[in-house]
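Please keep the sequence and the model in view while reading.

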Amino acid sequence: MSDAPIPTLLAMLLCDQIIIEAGSGKKTLVGLFDSMHPPEVPFMLPSMWVYARLSDAEGSYVFKAEIVHLDEDKIVGTAQTAPITAPHRLGFVDLTLQLQMVPFVKFGKYEFQLHANGIYIGRSTLTVQKGPRPDLR
């Protein structure tokens with residue numbers, strides 16, 4: 001187990017794409033979402049991204065995202081980073097993690113649970129409901 005302090009999760013967002021500007025390193029999150037409306041399940045999402053902003057991190061970390069179907073308390077997918085080094089606790093870590101071929105096995109609520117060096121640090125939720133999406137006008 002690492003001696004690195006447990007980071008604090010400040011934000012965790014799900015989106016279609018993350019664009020990182022080459023010169024500045026600024027991130028643009030495209031297509032933020034917290035619900036999906038497929039016509040049927042099981043449904044496989046070809047690609048999505050998780051963005052997390054962390055503080056109080058210093059040292060080396062491996063971050064892991066687990067996708068959990070809450071009704072069954074079952075892990076349906078995972079993704080993990082290579083080791084990431086945070087230089088000091090007063091700074092921020094912007095974590096970008098691409099998930100590919102994400103399975104949604106049933107309608108219901110899903111959690112994207114984030115772990116740092118095996119320790120749970122927070123989550124973002126996603127609701128998967130039968131489509132088509134209701135008209136919001």
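Helices and strands are taken here as DSSP runs, a helix needing at least four residues and a strand at least two, and they are numbered from the N terminus. The model is a predicted one, and on these terms its chain contains zero helices and 11 strands. Read along the sequence, the elements therefore follow the pattern β-β-β-β-β-β-β-β-β-β-β.

**Overall form**

Along the principal axes, the C-alpha atoms fill a box of roughly 45 × 35 × 25 Å. Among contacts between residues at least 6 apart in sequence, 68% join residues that are at least 24 apart.

**Burial and surface**

Of the 137 residues, 42% count as buried, while the chain exposes about 7,900 Å², of which carbon and sulfur atoms supply 54%.

**Aromatic pairs**

A pair of aromatic rings is described by the distance of the centres and the angle of the planes. How many aromatic pairs does the chain have? The count comes to two aromatic pairs, and both are set out below.

| Pair | Centre to centre | Angle between planes | Arrangement |
|---|---|---|---|
| Y61 and F63 | 5.6 Å | 20° | stacked |
| F104 and Y110 | 5.0 Å | 90° | edge-to-face |

The names in the last column follow from the angles, because planes under 30 degrees apart count as stacked and those over 60 as edge-to-face. Are the residues of these pairs buried or exposed? Y61 and F63 are both buried; F104 is buried as well, with a relative accessible area of 0%, and Y110 is likewise buried, again with a relative accessible area of 0%.

T81 lies in the loop between β7 (74-80) and β8 (84-86). Its relative accessible area is 12%, so T81 counts as buried, the cut-off for that term being under 20%. Which residues does T81 touch, not counting those up to four places away in sequence? The contacts of T81 are with Y61, V62, F63, L95 and L97, and this list includes Y61 and F63, the two members of the stacked pair.

Terms used: Residues are numbered from 1 along each chain as its sequence is written. This is a predicted model: local features need pLDDT of at least 70, side-chain atom pairs count only at pLDDT 80 or more; totals for chains, interfaces and linings use all residues. Side-chain values use heavy atoms; hydrogens and water are left out. Buried means under 20% relative accessible area, exposed over 50%, partly exposed in between (1.4 Å probe, protein chains only). Contact means heavy atoms within 4.5 Å. Accessible areas come from the Shrake-Rupley method with a 1.4 Å probe; for residues, only the protein chains shown count as cover. Rings of Phe, Tyr and Trp (its six-membered ring) pair if their centres lie within 6.5 Å; planes under 30 degrees apart count as stacked, over 60 as edge-to-face and the rest as tilted.
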